[in-house]
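Subject: Structure handover

Hello,

I am passing this structure on to you. Please open it first, then read the notes below.

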Amino acid sequence: MMTLWILTALTVVGLTPPGSVTARDAPNDQGGQIVIRWDDIDDAANSTIALFRSTCPDTGFIEIAAEPVSSTEYTDAEVADGCSYYYRLVVRSDGDSAVAPVVGPVRSSAQWFNSGRSSVLIVFALICAAFLFYIFRARRGTKMFVRRIAGLDAIDDALGRATEMGKPILFSFGLGVITDLVVIAALPLLRKVARKAADYAIRLIVPNADPIVMTAAQETVKEAYLESGRPDLYNPDNITFLTSDQFGYAAGVDGIILREKPGAIFWLGYFYAESLVMAETGHSVGAIQLAGTTETTQLPFFVAACDYTMIGEEIFAASCYLKPEPVMLGTLKGEDFLKLVLVICITALVVLGTAGAITGNGGAALTRIHQAVSTWLTPAS
Amino acid sequence: MLKRNLPLAIVFTTALLLVAAFFIPHRPFGDLESRFLNWYAIVAGFTYLLGIDSLARHHILRVTRRAPGWPFSLLLVLALFGTLGLGVYSWFKFQSPFALRAPFMWLYTYMIIPLQATMFATLAFFIVSAAYRAFRVRNFSATLLLLAACLVMFGNVPLGGEVWRAVASAMHKVIPSIDPAALGALEIPAVVKDWLMKVGQTAAVRGIGIGLSLGGIAMSLRIVLGIERTYLSS
């Protein structure tokens with residue numbers, strides 16, 4: 001413990017204390033944090049800034065941290081909500097020191113709304129409103145048009161070809177886990193593939209990298225076989241766990257492809273660098289391949305190696321396409337409307353920014369508007 | 001009825017809580033996300049028992065039935081339980097399977113890592129075969145793709161710079177007023193490559209990204225509101 005008289009007895013020789021010291025409750029947090037800020041000290045090489053805290057303004061200060069001189073901020077995360085605290089900063093260098101005035105009192109508290117995310121809340125509310133509006137319209141009977149998705153239309157062709165060749169079908173979710181939206185979006189497609197496989201009595205193989213996805217896949221395929229009236233054809237040994245190791249999974253799937261030589265392969269899920277290894281092996285055995293992933297870095301590989309690739313949000317639209325109920329289609333229409341709104345907003349921002357840059361000082365107002373909108377749309381973490 | 005409505009109610013409540021947690025830092029909402037993730041990690045950890053059961057049962061059955069390729073299944077079962085045994089032994093002997101002198105660590109360093117690296121290395125060959133097919137000049141789009149790929153490759157290798165400097169020298173011979181050093185320093189192949197990667201490629205990826213984000217939000221809303229039920233059993 002170090003009391004005030006020790007602090008004030010410290011010699012002030014040639015050092016400048018940090019200026020504009022402020023201590024405030026940390027914004028948008030769960031409480032228990034106070035942020036201390038001070039001006040940059042540029043004339044104190046080899047110095048450190050020691051931070052002292054007390055619950056009284058003139059006694060009981062204890063050192064809580066020693067920061068490098070380059071820092072201008074410290075977050076004290078060892079405070080109790082509702083208690084008053086005082087802070088004092090001391091610059092130290094080679095036995096010399098300079099003391100800044102005490103700041104405080106300051107109390108920490110928890111907030112009920114993260115104001116740094118207000119832009120997210122507003123945009124989220126607008127997006128939800130657009131979706132709900134189109135769902136409501138669809139419920140009232142407005143007809144919605146959905147364009148054909150080549151990748152989804154090709155499912156029947158792929159299954160037919162596998163049937164003609166008397167070869168099995170392989171379906172992979174990649175390394176996706178059940179919390180990945182793309183895996184949930186791929187489950188209805190697995191159900192469709194499984195129903196057709198049951199109808200045509202073709203073997204369906206689903207190697208998995210995640211045990212929860214494996215369980216979901218087993219349930220989905222089992223139900224599809226039941227719906228088709230062929231529960232006798234369902235074999236849980238065809239839907240197994242391989243490994244969650246990335247290249248172990250690729251090696252396992254490659255082995256299955258080379259041994260079983262499937263006639264059709266579906267790559268629908270989450271893929272990383274193993275995508276091309278598996279898709280090229282599938283191509284080498286002459287399988288018709290259909291892919292869809294939300295991982296944009298893997299899309300070029302699938303486009304190069306597969307016969308059909310669902311790009312972007314097409315895989316999310318699959319369930320609406322397979323089950324074209326008005327309410328499902330309403331969400332697709334809402335999505336299209338929001339895309340239009342985004343295109344207009346992006347174009348307006350580009351025009352504002354470009355006009356501001358071209359007109360120089362005359363366009364300062366335009367640049368300011370552009371920067372303000374861009375900053376507002378960038379939420380705090 | 002309960003079999004279908006109870007999961008929907010759980011999904012709706014959990015989603016509401018997580019949305020609230022994103023905007024409300026105050027306890028108990030502030031740490032809900034990390035708490036839920038912890039729960040998920042615990043549940044997911046236990047489900048690996050299901051995975052091991054599935055894998056082991058499948059291959060033990062293949063061995064007992066002498067299915068085609070059963071020796072590979074036997075190898076897998078031996079490797080599975082051998083790795084497990086070595087891990088447990090290392091835990092007792094060295095307090096951690098990942099201790100430097102532990103046999104499990106030896107297995108990991110000298111067998112698993114090289115096997116992973118080998119599989120990763122095959123990617124280079126697959127890229128070549130896929131690129132060969134993708135870059136064949138079949139139509140206008142494929143030709144554009146081929147041209148863009150050549151420009152990017154040319155801008156990425158030192159040869160691109162050398163060729164450009166040779167072009168600058170040749171131009172200086174034809175038009176003496178051109179400064180070959182200044183023209184060579186422009187590094188046009190690298191500039192073209194950067195433009196293609198930063199403008200052309202990024203614009204396409206962002207376009208797909210915006211579509212994916214909106215598609216993801218629409219899908220999430222369908223799940224939360226119970227419109228999308230295809231993931232549930234009927």
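Start with the domains. Chain A is split into three: domain 1 covers 4-106, domain 2 covers 115-144 + 326-376, and domain 3 covers 150-322. The C-alpha centres of domains 1 and 3 of chain A are 60 Å apart. Please keep in mind that this is a predicted model.

Chain B has two assigned domains, domain 1 (59-134) and domain 2 (138-234). Their C-alpha centres lie 38 Å apart.

Next, the overall form of chain A. It holds 11 helices and 13 strands. Its radius of gyration is 31 Å, while the globule rule gives 21 Å for 381 residues, so chain A is more spread out than a compact globule. Along the principal axes, its C-alpha atoms fill a box of roughly 95 × 50 × 40 Å.

Now the annotated segments. An unreviewed UniProt entry places the feature "transmembrane region" at residues 118-136, 169-190 and 337-358 of chain A. What does the model show there? Residues 118-136 of chain A are 100% helix and 0% strand, with the end C-alpha atoms 26 Å apart. Residues 169-190 of chain A are 45% helix and 27% strand. The end C-alpha atoms of that span lie 11 Å apart.

One helix pair in chain A deserves a look. H4 (residues 181-200) packs on H5 (residues 211-227) at an angle of about 35°, and the axes are 8 Å apart. The crossing of H4(A) and H5(A) is right-handed. On the H4(A) side, the residues in contact include Val183(A), Leu187(A), Leu190(A) and Ala194(A). On the H5(A) side, they include Val213(A), Ala217(A), Val221(A) and Tyr225(A). By class, this contact has 11 nonpolar, 1 polar and 3 charged residues.

Last, the contact between the chains. How many residues does each chain bring to it? Chain A brings 57 and chain B brings 52. Several helices of chain A each supply at least two residues to the side that touches chain B, among them H2 (118-139), H4, H5 and H6 (246-260). H10(A) gives the most, with 8 residues. By class, the side of chain A that touches chain B has 32 nonpolar, 13 polar and 12 charged residues.

Best wishes

Definitions and conventions: Residues are numbered from 1 along each chain as its sequence is written. Chains are lettered from A and ligands numbered from 1 in the order in which they are written. This is a predicted model: local features need pLDDT of at least 70, side-chain atom pairs count only at pLDDT 80 or more; totals for chains, interfaces and linings use all residues. Domain bounds come from an automatic or database domain assignment. Axes are lines fitted to C-alpha atoms, for helices over the stretch in contact, and angles run from 0 to 180 degrees between N-to-C directions. Helices (H or I, at least four residues) and strands (E, at least two) are DSSP runs, numbered from the N terminus. A crossing is left-handed if the near helix is turned anticlockwise from the far one by less than a right angle, and right-handed if clockwise. Two residues are in contact if their C-beta atoms, placed from the backbone, lie within 7 Å. Ala, Val, Leu, Ile, Met, Phe, Trp, Tyr, Cys and Pro count as nonpolar, Asp, Glu, Lys and Arg as charged, and the others, Gly among them, as polar. UniProt positions are given in the numbering used here, feature names are shortened, and annotations may be inferred rather than shown by experiment. The radius of gyration is taken over C-alpha atoms; the globule rule is 2.2 Å times the number of residues to the power 0.38.
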